[in-house]
Amino acid sequence: MKTRTHCEVCNVRFEKEPRFFDGAMYISYAFSVGLFLVSAFIIYAFFHPVSENVYLIAIISEVFLLYPLMFRYARIFYLYIFGGLKYKSELERTENN
């Protein structure tokens, strides 16, 4: 869950300022809402006559299982959107050197 301070390959600094990644929680929240909606739709479409407990158990267990993945990708998206980080392929890195 801890983010490194610098990249091992290109030495870019990840955390631009203290508490920089606090805004990533909104992206993580959007991921959770998206997961909730997709899961609820799938359960409704394929297993329609079920109780509310099925929805709750399925969605809560999915969120707990996928939380580390959503947490990591929310930080990555936030870094690309607000951190000024640009992806360079291996080919672009060798051409610039």
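This is a walk through the structure above, from its overall plan to single residues.

Before we start, keep in mind that the model is predicted. Let us begin with the overall plan. The chain has three helices and zero strands, and reading along the sequence gives the pattern α-α-α. Of its 97 residues, 21% count as buried. The chain exposes about 8000 Å², and carbon and sulfur atoms supply 65% of that area. Another way to look at a chain is to ask which residues touch. Take the contacts between residues at least 6 apart in sequence: 55% of them join residues at least 24 apart.

Now find helix 1, which runs over residues 24-46.

Which residues of helix 1 are buried? They are A24, I27, S28, L35, S39, A40 and I43. What do the buried residues of helix 1 pack against? Their partner is helix 2, which covers residues 52-82.

Setting aside residues up to four places away in sequence, S28 touches Y67 and A74. Further along helix 1 you will find S39. Its relative accessibility is 7%, so S39 is buried as well. Leaving out neighbours within four places in sequence, S39 is in contact with I59 and E62.

For a contrast, look at F41, which also lies in helix 1. Is F41 buried or exposed? With 59% relative accessibility, F41 counts as exposed, because the cut-off for that label is over 50%. F41 and Y55 are 14 residues apart in sequence, and their C-alpha atoms are 10.0 Å apart in space.

Next, turn to the nonpolar core. The largest one has eight residues: F20, F21, A24, I27, A74, Y78, L79 and L85. Helix 1 and helix 2 are the elements that give two or more residues to this core. Helix 2 supplies the largest share, three residues.

One member of this core, F21, is found in the segment before helix 1. Its relative accessible area is 9%, so F21 counts as buried. How far apart are F21 and R75 in sequence and in space? They are separated by 54 residues in sequence, while their C-alpha atoms lie 6.5 Å apart.

The segment before helix 1 also holds E17. E17 and G83 are 66 residues apart in sequence, and 9.9 Å separates their C-alpha atoms in space.

Finally, move to the surface. Which residues form a nonpolar patch there? The patch is made of L65, L66, L69, Y73, I76, F77, Y80, I81 and F82, and together these have about 900 Å² of accessible area. One of them, Y80, has its place in helix 2. Y80 has a relative accessibility of 36%, so this tyrosine counts as partly exposed.

How values were computed
Residues are numbered from 1 along each chain as its sequence is written. This is a predicted model: local features need pLDDT of at least 70, side-chain atom pairs count only at pLDDT 80 or more; totals for chains, interfaces and linings use all residues. Side-chain values use heavy atoms; hydrogens and water are left out. Patches are made of residues with over 30% relative accessible area and no salt bridge: like charges are joined within 9 Å, nonpolar side chains (Val, Leu, Ile, Met, Phe, Trp, Tyr) within 5 Å. Accessible areas come from the Shrake-Rupley method with a 1.4 Å probe; for residues, only the protein chains shown count as cover. A salt bridge is a side-chain nitrogen of Lys or Arg within 4 Å of a carboxyl oxygen of Asp or Glu. Helices (H or I, at least four residues) and strands (E, at least two) are DSSP runs, numbered from the N terminus. Buried means under 20% relative accessible area, exposed over 50%, partly exposed in between (1.4 Å probe, protein chains only). A nonpolar core is a set of buried Ala, Val, Leu, Ile, Met, Phe, Trp, Tyr and Cys residues joined through side-chain atoms within 4.5 Å. Contact means heavy atoms within 4.5 Å.
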